[in-house]
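Me: Can you walk me through this one? I'm new to reading structures.

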Amino acid sequence: MDILQMKHIKKSFGDKTVLQDINLSVKEGEVVSIIGPSGSGKSTLLRCATFLEKIDEGNISYVGEEVVGSSETRKAVYPHKKQLRQFIMNFGLVFQNFNLFPHFNVIKNVTDAPIHIQKRDKEEVYREARGLLKKVGLEEKEKAYPCQLSGGQQQRVAIARALALHPKILYFDEPTSALDPEITSEILRVMKQLASENMTMVVVTHEIEFAGAVSDRVIFMDEGMVQEEGTPQEVLTNPKNERTKAFLRKLQV
């Protein structure tokens with residue numbers, strides 16, 4: 001079953017076209033990595049999938065239900081906010097800059113949305129949250145505030161917070177780009193664990209080794225288009241597209 005379907009997505013900022021006729025589908029339990037140079041449209045695609053940006057044209061569906069359709073003029077049509085909020089519950093999003101609430105301690109960062117937005121039982125949410133903090137290796141930090149944590153610890157809290165919403169799909173936007181190399185490994189370890197548990201994930205990343213080890217499918221984007229798509233073996237080891245080859249060569253220098 002497809003958790004996400006995006007068809008013929010187009011997005012511009014003023015005169016600059018950022019996404020050109022993008023098609024993306026993600027099946028339940030699949031890990032899809034999106035790679036490509038800066039400015040290729042990777043993060044914008046994720047922001048469109050999570051409704052942080054509005055597409056100009058195209059269709060977006062979650063779990064077989066269309067969220068964003070097209071008008072007769074092909075312009076994208078969004079539902080009203082209340083209906084959109086229901087679809088937002090399908091996914092979690094982990095940003096490159098953590099985006100934790102600085103005035104909440106760790107446990108409140110993780111539990112706030114399930115309690116106040118999903119209206120779930122407080123005791124159950126706290127019990128689950130402590131389990132998630134243990135999963136990401138931060139069970140002793142529940143009373144700490146973000147300013148008392150390292151970047152890697154903050155990012156692991158952000159992952160726990162996203163998982164606390166019981167998402168059907170988890171998006172990562174360059175989750176290690178703001179971190180030192182030695183801290184990056186702890187984030188990738190958590191993500192590899194999630195992949196082994198069949199968590200559906202879309203990962204925008206520059207960690208090519210991670211993409212190769214964990215992904216079911218790799219997408220290479222450049223100039224707002226999908227230039228190549230396939231298994232890690234096909235895209236990373238035996239790319240056919242010249243732009244993909246040039247991009248990977250630069251990373252090896």
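Reply: Ask away, and we'll take the pocket, a strand and a helix in turn. One note before that: this is a predicted model.

Me: What volume does the largest pocket have?

Reply: About 630 Å³.

Me: How many residues line the largest pocket, and which lie nearest its centre?

Reply: The lining has 20 residues. Nearest the centre are Ile-88, Phe-95, Ala-113, Ile-117 and Leu-165. Helix 2 (81-88), strand 7 (91-94), helix 3 (106-116) and helix 5 (151-163) each give two or more residues to the lining.

Me: Which of them gives the most?

Reply: Helix 2, with four residues.

Me: And by class, what is in the lining?

Reply: Twelve nonpolar residues, four polar and four charged.

Me: How many bridges join strand 7 to strand 8, and do they run parallel or antiparallel?

Reply: Four bridges, and the two strands run parallel. Val-94, for one, has Phe-172 of strand 8 as its bridge partner.

Me: New topic: helix 4. Which of its residues are buried?

Reply: Val-125, Ala-129, Leu-132 and Leu-133. Seen down the axis of helix 4, they fall within an arc of 100 degrees, so they line one face.

Me: What does the face turned away carry?

Reply: Exposed residues: Glu-123, Arg-127 and Lys-134.

Me: And how far does helix 4 reach?

Reply: Its 14 residues span 20 Å from first C-alpha to last. That is close to the 20 Å expected at 1.5 Å a residue.

Terms used:
Residues numbered from 1 in each chain as written. Predicted model: local features only at pLDDT ≥ 70, side-chain atom pairs only at ≥ 80, totals over all residues. Heavy atoms only, no water. 1 Å grid on protein atoms, 1.4 Å probe; cavity = no way out; pocket = protein on both sides within 12 Å on 5 of 7 lines; lining within 4 Å. Points joined across faces, edges and corners; volume = space filled by probe spheres on them. Nonpolar A, V, L, I, M, F, W, Y, C, P; charged D, E, K, R; others polar. Pairing = 2+ DSSP bridges. Expected span 1.5 Å × (residues − 1). Buried < 20%, exposed > 50% of the residue type's maximum accessible area, 1.4 Å probe, protein only. Arc of directions from axis to C-beta.
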